[in-house]
Amino acid sequence: MYSLDILIQGFPGKSEDHGGLGWSTVPLLRGHGEVVLIDTSSYSYRVHPLERLGRLGLSREDITSVVLTHCHWDHICNYPLFPEAKVFVPHHDLEWAASQPVGTWHIPEFHVEKLETDQRVIRISEGDEFLPGLRTVATPGHTPGHLSYVAPGHRADLIFTDDAAKNQAELVAGQADMTLDAAASRASIQRLRTLAAEDPSNVIVCGHDRLLGLDGDKCSIFRNYELPSRPALRRNSRRRRSSTSPTLDSRRTSPWRLRNRLAPQF
Ligand SMILES: [Zn+2]
């Protein structure tokens, strides 16, 4: 079994005028002697994951495995920060990304080039159990070779949908925004919903949203995954309305973010 911490809580936002925001979720799994990141977010998050690893008493050298879901810039660009990690990459997605012309939607050409030749890279495909209990689920649509992952958690399964179902709206509606193949995305989301519905305690980790659960057609939000707060935040707590330290969840749901010229993605 693996324990789950969320280093970066994803957010389902996009801008009208300033390009992709790429606020993607960065989960951390610990168990079976492994310390695993599922995706790494983007350049705008080079500091945050490292600082939050520090809160857990970890450094970037402690990461034993980085697992990528697809080859978009907001998921893969920080993989070089973890020098000791094996890097698991969806084989089909890497082949596809490497074959695309420069300028293709959300593909960081140099990172893809590096992944193709990096000796640390291990290519994985549908059905592989590549770490203890951690297995792949093919979820094409958003990109042709997108992989989602399932890991056994302490209470139930942890289902990393990532950008196959980027947020609650896509999971509930069964269809995806920003996909290269809408029909494939619908089938992938249905596959993920079927997996999730096997047990209402299963935790769904979307690429750009909170932690979710499915009970039939009802979608709920898990709120009990919180990292220890930074000492600096505790020192500043008098300036905040609440006497308790802020959590990732409370910061994410701040209305400021929605009002500040950001349109929700759904
Ligand atoms: Zn993506």
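## Strand E12 and its neighbours

E11 and E12 run parallel and are joined by 4 bridges. This comes from a predicted model. Across that pairing, Asp-162 stands opposite Cys-206 in E12.

On the other pairing, E12 meets E13 in the antiparallel sense, over 2 bridges. Here Ile-204 stands opposite Leu-212 in E13. A hairpin of 4 residues links E12 to E13.

## The seven-stranded sheet

E11, E12 and E13 belong to an open sheet of 7 strands. Its order is E8-E9-E10-E11-E12-E13-E14, and the pairing is mixed. Which strands stand at the edges? They are E8 (129-131) and E14 (218-222). Each has a single partner strand, so one side of each is left without a neighbour in the sheet. Neighbouring strands are turned by 30° against each other on average, direction ignored.

Within the sheet, E10 (residues 147-152) pairs with E11 (residues 157-162). The sense is antiparallel, over 4 bridges. Ala-151 stands opposite Leu-158 in E11.

## Helix H6 across the sheet

Helix H6 covers residues 182-197. H6 lies across E9 (134-138), E10, E11, E12 (203-206) and E13 (211-215). Against E11, H6 runs at about 165°.

H4 (residues 109-117) has three named buried residues: His-111, Val-112 and Leu-115. Seen down the axis of H4, they fall within an arc of 100°, so they line one face of the helix. An α-helix has 3.6 residues a turn, so residues three or four places apart point the same way. The face turned away from the buried side of H4 carries Phe-110, Glu-113 and Thr-117, which are exposed.

What do the buried residues of H4 pack against? Their partners are helix H2 (73-76), strand E6 (86-90), helix H3 (91-98) and strand E7 (121-124). H3 has buried residues of its own: His-92, Asp-93, Leu-94, Trp-96 and Ala-97. Their cover includes E6, H4 and E7.

## The whole protein

The protein has 9 helices and 15 strands. Of its 266 residues, 40% are buried. Among contacts with a separation of 6 or more, 59% are between residues 24 or more positions apart.

Notes:
Residues are numbered from 1 along each chain as its sequence is written. This is a predicted model: local features need pLDDT of at least 70, side-chain atom pairs count only at pLDDT 80 or more; totals for chains, interfaces and linings use all residues. Two strands pair if DSSP finds at least two bridges between them. Axes are lines fitted to C-alpha atoms, for helices over the stretch in contact, and angles run from 0 to 180 degrees between N-to-C directions. Two residues are in contact if their C-beta atoms, placed from the backbone, lie within 7 Å. A residue is buried if 20 or more other C-beta atoms lie within 10 Å of its own, exposed if 12 or fewer, and partly exposed in between; C-beta atoms are placed from the backbone. The arc is that of the directions from the helix axis to the C-beta atoms.
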